[in-house]
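Hi everyone, thanks for coming.

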Amino acid sequence: MLHTTNNLENPFIISKVIPEPLFCDREEETKYLIKQIYNGRNIVLISPRRMGKTGLIHHLFRQPEISEKHHTFFIDIYAATSLQEMCYTFGKAVFEQLKPKKKQYWESFVNTLKSIQAGFSIDAVTGEPKFELGIGAIYNPTTTLEEIFTYLESAPIPCIVAFDEFQQIADFQEKRVEAILRGLMQNCSKTSFIFSGSKQHTMSQMFQSKARPFYQSAQIMELKPLKKDVYTEFAKRLFKKHDKKLDTQVVEQVYDDYDGTTWYMQMLMNELFAITANKDTCTQDRISIAKKNIINVQEGSYQMQMSILSQKQKALLQAIAREGSTKAITSAAFVKKHSLSSPSSVQSAVKGLMDKDIVSSEEGCYRINDYFFSEWIKETF
């Protein structure tokens with residue numbers, strides 16, 4: 001096992017917010033998004049998980065034509081399970097993103113939120129404003145949402161609100177959430193919205209079905225993988241900048257192994273950079289070492305995930321991992337090949353795995369969401 005051989009800062013960032021000099025391409029996509037915003041159109045941004053939607057939105061928000069003329073708010077609702085939780089997340093995110101700006105901005109926001117005004121205070125020592133609400137303090141989420149939207153429309157400069165993992169609202173316990181939000185957004189003339197989601201089927205239904213409130217309310221943009229040659233040159237340039245070399249074949253194999261999925265490529269390139277010494281060359285033989293290092297760190301988490309699954313779910317997960325991705329999981333051939341119980345048990349097992357967000361299905365093709373988890377399963381079972 002190779003370890004980091006120097007103290008250089010690793011340029012392959014794997015967090016959601018990537019500094020501009022280390023952000024790879026997306027020039028055409030950024031121009032397209034700016035064009036839509038300046039033409040008063042809302043945007044639906046769809047792609048599989050970890051393709052880079054969040055990074056692209058933050059990159060967009062940093063562009064001068066956006067940052068200098070707009071308030072920008074990023075709202076991650078992935079963990080929300082109700083309108084109350086979404087309202088809490090929304091209000092807190094707007095407050096926290098206004099706080100570093102002029103006092104008049106966050107004061108105006110606080111004064112608009114009359115239903116939860118008591119949840120804000122000023123730190124006696126630092127003078128900093130504080131958000132002290134708990135989720136339970138949102139007694140009437142519809143009213144509080146109306147107040148948030150009132151602020152957005154009355155802000156001194158236009159606002160852009162990006163909802164990450166927007167498809168979550170389809171599973172909220174309350175009814176008519178889509179209708180409530182759509183009604184509020186229809187009254188907005190100064191605010192632009194970006195709806196980002198990783199479940200393509202759900203997002204498409206929400207915005208393309210005539211029976212749904214958000215029908216044709218936004219331009220749909222599918223975020224594709226970065227071009228292989230673009231990412232290859234990007235990775236080689238970062239290695240070269242730090243006095244290291246990177247074989248072209250390394251990046252091409254990494255790209256193919258992870259279907260161009262940005263986060264997984266970045267994660268592996270991060271590890272390859274870490275195990276390559278100054279003035280050394282990173283070659284293809286190091287890919288297996290880097291993968292092993294990453295998987296070893298995550299092994300405890302993977303074991304825990306497997307421990308909460310039923311025997312039938314584990315068996316199906318192993319079968320999908322062996323295939324990489326597969327369509328006919330309930331076919332007699334698939335069931336027989338992988339010694340599964342029956343097509344009906346497979347159907348039940350895959351539903352459980354999808355509910356746990358371990359497996360996803362797009363266009364009828366099933367795969368394990370976490371590529372590294374999939375590789376660990378293949379090696380372990």
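Before we look at a helix, one definition: the expected span of a helix is 1.5 Å times one less than its number of residues. Also, keep in mind that this is a predicted model.

Okay, helix α6, residues 141-154. This helix has 14 residues and runs 20 Å from its first C-alpha to its last, close to the 20 Å expected. Which residues of α6 are buried? They're P141, T144, L145, E147, I148, F149, Y151, L152 and E153. Among the elements covering those buried residues are strands β2, β5 and β6, plus helices α4, α5 and α7.

In general, nonpolar side chains in soluble globular proteins tend to be buried together. Here, the largest nonpolar core has 56 residues, and Y231, M269, L272 and L317 touch the most other members. Helix α11, residues 262-274, gives this core its largest share, seven residues. Take M269: leaving aside neighbours within four places in sequence, M269 is in contact with F12, Y231, A235, F239, L246, V251 and V254. There's also a second, separate core of 50 residues, including I75, W106, I116 and A218.

Last stop, the largest pocket, with about 920 Å³ of space. Its lining has 33 residues, and S198, Q200, S360, S361 and E362 lie nearest the centre. Which element supplies the largest share of that lining? That's β10, with four residues. By class, the lining has nine nonpolar, 12 polar and 12 charged residues.

That's my tour, thanks!

Conventions: Residues numbered from 1 in each chain as written. Predicted model: local features only at pLDDT ≥ 70, side-chain atom pairs only at ≥ 80, totals over all residues. Heavy atoms only, no water. 1 Å grid on protein atoms, 1.4 Å probe; cavity = no way out; pocket = protein on both sides within 12 Å on 5 of 7 lines; lining within 4 Å. Points joined across faces, edges and corners; volume = space filled by probe spheres on them. Helix = DSSP H or I, 4+ residues; strand = E, 2+ residues; numbered from the N terminus. Nonpolar A, V, L, I, M, F, W, Y, C, P; charged D, E, K, R; others polar. Buried < 20%, exposed > 50% of the residue type's maximum accessible area, 1.4 Å probe, protein only. Contact = heavy atoms within 4.5 Å. Core = buried A, V, L, I, M, F, W, Y, C linked by side-chain atoms within 4.5 Å.
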